[in-house]
Amino acid sequence: MPRVLSIAGTDPTGGAGTAADLKSITAAGGYGMSVVTGLVAQNTHGVRDLHVPPVKFLAAQLHAVSSDVTLDAVKTGMLGTAEIIATVAVWLDDVRPPILVVDPVMIATSGDRLLQPEAEQAMVTFCRRATVVTPNIDELAVLTGSPRAATEDEALDQAARWSAEMGVAVIVKTGHLDTLTVTNTWLSPDGTRIAVPSTRVDTTSTHGTGCSLSSALATRLGCGDTPAAALAWATDWLHESISHGAALRVGSGHGPVDHGHRARRLAAAASSAPWITPDAVPHLLETPADLGTSRAGNDGGPAPAVASAGPWTAALWAAGEETTAAIADSDFVRALVDGSLPKHAFGFYLTQDALYLNGYARALAALAARSTDPAAQVYWSQAATGALTEEAELHRGWLGRNSEPAPTPAPSPVTAAYTDFLLATALGEDRAVGVAAVLPCFWLYAQVGAALPAVPADHPYAAWLDTYRDPGFVTATEQALAQLESEMAAASPAVRATATRAYLTACRHELEFFDQALRIEPGEASAVQGTAIGTTRSPGSTSPSNTAAAQLAGSTR
Ligand SMILES: Nc1ncnc2c1ncn2[C@@H]1O[C@H](COP(=O)(O)OP(=O)(O)O)[C@@H](O)[C@H]1O
Ligand SMILES: Cc1ncc(COP(=O)(O)OP(=O)(O)O)c(N)n1
């Protein structure tokens with residue numbers, strides 16, 4: 001765990017300055033410390049007052065830390081005056097931390113000055129010590145002595161010239177430009193560029209984004225990440241934090257980002273609480289109404305895009321509506337739709353999808369073997385073949401894109417738990433229970449597909465999203481629903497209850513399956529995947545999307 005020091009000003013509302021830095025360092029996996037340069041009376045509307053303690057006291061704070069603690073990374077934020085810059089510079093030249101990220105804070109989004117104009121030149125010289133400097137568009141103009149860049153290309157040109165002249169890496173951030181994509185580009189003095197694009201979040205919760213990005217970056221670099229990995233991590237994490245900032249309801253101006261969102265999401269995913277409580281389903285189900293009365297019922301939940309096949313499947317839909325809604329509202333689906341899903345997460349999802357399809361095909365084949373009705377035998381056999389065809393297409397695409405043979409990917413715990421559950425249920429339980437277990441893959445996937453908006457052709461996952469809309473998949477889902485409806489009608493009350501539990505369990509596995517892609521680090525993902533290619537997890541359709549593969553291959557991430 002890197003020991004990371006922030007040297008910055010305060011924000012009593014916790015959105016910017018040292019408070020944001022400490023939250024960001026913690027979120028990025030570091031031990032955070034802070035030395036205060038100035039006390040700022042500010043809130044989400046702007047700065048009201050600024051108190052700068054004597055620099056002697058600043059030096060005392062700096063030496064108190066460095067005489068006791070080894071520093072793996074330092075980030076500087078608001079320095080305020082030339083005297084403060086000089087004091088920090090002398091200390092840095094003595095301590096020489098291995099990583100120094102300089103956020104050359106000059107003017108807050110509110111328009112308030114956080115660096116005296118006469119200190120701007122001192123800030124330029126100070127930047128020479130940095131591993132990397134993270135100016136916003138306005139700060140870049142001041143540092144480079146240029147007019148404010150109107151486009152990303154102009155900003156990149158300014159930064160490239162300055163970086164080469166100063167011998168210092170710089171990140172060009174396009175948050176302040178009027179662009180749909182916000183890109184953070186790391187430029188090294190030798191001209192190397194690493195661009196990390198993300199979609200722009202339509203929000204006013206952007207207070208302290210620069211502080212947060214630079215602190216997270218310092219921490220990841222302090223962890224030993226490469227510049228590319230550190231910048232990708234910080235950008236993705238910040239995107240999630242910005243997306244959920246408004247829900248914090250902090251202040252009525254430019255609110256803070258939710259630094260802790262990712263940590264809470266991962267903690268929730270790690271909970272070992274049972275998915276289905278003992279009282280969720282009665283032990284005996286005589287009629288569909290028995291299920292409806294024990295659950296909230298379908299009052300206000302999402303309607304099924306593919307209609308239920310009768311009262312039993314309607315009751316099951318109602319019982320599972322909470323999970324169905326959670327999938328539609330999941331960060332994964334949102335990110336897939338708005339295009340912000342990181343490429344490593346998408347690639348990991350596809351790899352796990354292929355592994356899943358193989359297990360799913362075996363469960364479908366088991367149902368075919370256990371069916372006695374010829375129509376059911378044909379249906380389950382064809383569904384199994386469809387799933388295997390999809391898997392084969394996925395591997396063909398993969399091998400076609402790589403000269404080296406792809407490594408055999410390993411199933412994630414989530415994928416293994418889902419496929420093991422499906423196989424055990426399809427082979428070991430009553431047939432109706434097996435049919436209930438395989439249904440959510442059809443039904444919930446069709447649900448996601450029906451809710452997808454039209455996306456522009458240059459959307460990174462446009463072709464992939466098209467695969468969700470396959471009409472053949474809707475037909476396959478209707479048939480699976482008809483199978484389950486008749487199985488439930490013919491089953492005993494006890495088997496119906498077990499089938500209901502299996503259906504609800506599979507719904508939850510679906511949610512986990514989607515969500516798992518946002519729980520993987522880029523390095524972990526690349527260990528189990530090659531070049532990401534497109535396919536679909538729809539067992540009845542046969543349209544793997546190599547266009548999606550081409551689009552992905554062309555994207556910068
Ligand atoms: N509306 C937004 N949507 C997505 N990301 C954003 C948005 N605003 C800011 N960011 C992220 O925060 C980073 C810093 O924000 P920016 O506004 O450019 O700098 P500063 O906060 O220093 O003025 C950006 O590089 C980007 O990663
Ligand atoms: C104490 C303090 N430091 C820095 C800022 C400016 O924060 P920044 O991350 O650059 O983002 P905006 O809040 O300007 O969007 C600050 N306000 N206070």
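Modeller: Of the 557 residues of the protein chain, 51% count as buried, where buried requires 20 or more other C-beta atoms within 10 Å of the residue's own, exposed 12 or fewer, and partly exposed a count in between, with C-beta atoms placed from the backbone. This is a predicted model, in which local features need pLDDT of at least 70 and side-chain atom pairs count only at pLDDT 80 or more, whereas totals for chains, interfaces and linings use all residues. Residues are numbered from 1 along each chain as its sequence is written, and chains are lettered from A and ligands numbered from 1 in the order in which they are written.

Taken along the principal axes, the C-alpha atoms fill a box of roughly 85 × 50 × 40 Å.

Ligand 1 is surrounded by 19 residues, of which N136, K173, G175, T209 and G210 are the closest; a residue belongs to such a shell if its C-beta atom, placed from the backbone, lies within 6 Å of the molecule. The elements that contribute two or more residues to this shell are β9 (181-187), α7 (209-222) and α8 (227-243). Helix α8 provides the largest share, four residues. By class, the shell around ligand 1 holds five nonpolar, twelve polar and two charged residues. Here Ala, Val, Leu, Ile, Met, Phe, Trp, Tyr, Cys and Pro count as nonpolar, Asp, Glu, Lys and Arg as charged, and the others, Gly among them, as polar.

Around ligand 2 there are 20 residues, and G9, A16, G17, T109 and G210 come nearest. Strand β3 (39-43) and helix α7 each supply at least two residues of this shell, and the largest share, three residues, comes from α7. The shell around ligand 2 comprises eight nonpolar, eleven polar and one charged residues.

For the annotation "domain: Pyridoxamine kinase/Phosphomethylpyrimidine kinase", an unreviewed UniProt entry lists residues 11-258; such annotations may be inferred rather than shown by experiment. Over residues 11-258 the chain is 40% helix and 18% strand, with the end C-alpha atoms 15 Å apart.

Most residues other than glycine have a negative phi. R96, in the loop between α3 (82-95) and β6 (100-102), has a positive phi of about 50 degrees and is exposed, with 10 other C-beta atoms within 10 Å. R249 lies in the loop between α8 and α9 (261-269); its phi is near 55 degrees, and R249 is exposed, with 9 other C-beta atoms within 10 Å.

P278 is found in the loop between α9 and α10 (288-294) and is exposed, with 7 other C-beta atoms within 10 Å. From C-alpha to C-alpha, P278 and L350 are 34 Å apart in space and 72 residues apart in sequence.

Helices α17 (residues 431-451) and α20 (residues 493-515) pack at an angle of about 30 degrees, with their axes 8 Å apart. That angle makes α17 roughly parallel to α20, a term for angles under 35 degrees. The crossing of α17 past α20 is right-handed.

Terms used
Axes are lines fitted to C-alpha atoms, for helices over the stretch in contact, and angles run from 0 to 180 degrees between N-to-C directions. Angles under 35 degrees count as roughly parallel, over 145 as roughly antiparallel, 65 to 115 as roughly perpendicular and the rest as oblique. A crossing is left-handed if the near helix is turned anticlockwise from the far one by less than a right angle, and right-handed if clockwise.
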